[in-house]
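Subject: Structure handover

Hi,

Here is the structure I promised to pass on.

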Amino acid sequence: MLSTDYYKRNSVVNLNVDNELLTPHIVKAQNMNIERILGSDLFNLVLSEIEANTVSTRVVNLLENYIQPALVEWITYTALPYLNYKVTNKAVVKKSSDNS
């Protein structure tokens, strides 16, 4: 429903955050929040139109004015606790860099 680039441009997340870190949270936010609000039928209609690249004017309006802005906020809520920490085989570690 939105790309990682769209998310980065419209959220507090820095543009240099790795897309691999964000993608699972995008899917999670879509499935947990947007589907619940839209209902399964409308949610599946929107997804099928996006996948088929045949998005109707009504769905474009729904995406641009309602779904994507809400999704940006839900992704941020879902992703923020995980962006600073990494789960490894041995522990949960806080990410750091030499320049931080």
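Below is what I found, going from the whole chain down to single residues.

First, some ground rules. This is a predicted model, in which local features need pLDDT of at least 70 and side-chain atom pairs count only at pLDDT 80 or more, while totals for chains, interfaces and linings use all residues. Residues are numbered from 1 along each chain as its sequence is written, and side-chain values use heavy atoms, leaving out hydrogens and water.

The overall picture: the protein chain has four helices and two strands, in the order α-α-α-α-β-β from the N terminus. Helices (H or I, at least four residues) and strands (E, at least two) are DSSP runs, numbered from the N terminus. The C-alpha trace spans about 50 × 25 × 20 Å along its principal axes. Of the 100 residues, 31% count as buried; buried means under 20% relative accessible area, exposed over 50%, and partly exposed in between, with a 1.4 Å probe and protein chains only. The accessible surface comes to about 7,000 Å², with 51% of it belonging to carbon and sulfur atoms. Those areas come from the Shrake-Rupley method with a 1.4 Å probe, and for residues only the protein chains shown count as cover.

After α2 comes Gly 39, with a positive phi near 90 degrees.

Helix α4 has a kink of about 45 degrees, centred on Leu 63. Its buried residues, among them Leu 63, Gln 68 and Leu 83, pack against α1, α2, α3 and β1.

A polar atom of the Gln 68 side chain lies 2.8 Å from the backbone oxygen of Met 1. Leaving out residues up to four places away in sequence, Gln 68 touches Met 1, Leu 2, Tyr 6 and Leu 63 (contact means heavy atoms within 4.5 Å).

Next, the loop between α3 and α4, where you will find Asn 53. Most residues other than glycine have a negative phi. Asn 53 is not a glycine, yet has a positive phi of about 60 degrees. Asn 53 is exposed, with a relative accessible area of 68%.

Finally, strand β1 (residues 85-87), which holds Val 87. Val 87 counts as exposed because its relative accessibility is 65%. Together with Tyr 85 and Val 92, Val 87 forms a nonpolar surface patch with about 320 Å² of accessible area. Not counting residues up to four places away in sequence, Lys 86 touches Ala 91, Val 92, Val 93 and Lys 95. Lys 86 and Tyr 6 are 80 residues apart in sequence and 24 Å apart in space, C-alpha to C-alpha.

On patches, they are made of residues with over 30% relative accessible area and no salt bridge, joining like charges within 9 Å and nonpolar side chains (Val, Leu, Ile, Met, Phe, Trp, Tyr) within 5 Å. A salt bridge is a side-chain nitrogen of Lys or Arg within 4 Å of a carboxyl oxygen of Asp or Glu.

Cheers

Definitions and conventions. A polar contact is a pair of N or O atoms within 3.5 Å; within protein, one must be able to donate a hydrogen and the other to accept it, and residues adjacent in sequence count only if both atoms are side-chain atoms. The bend at a residue is the angle between axes fitted to the seven residues ending there and the seven starting there.
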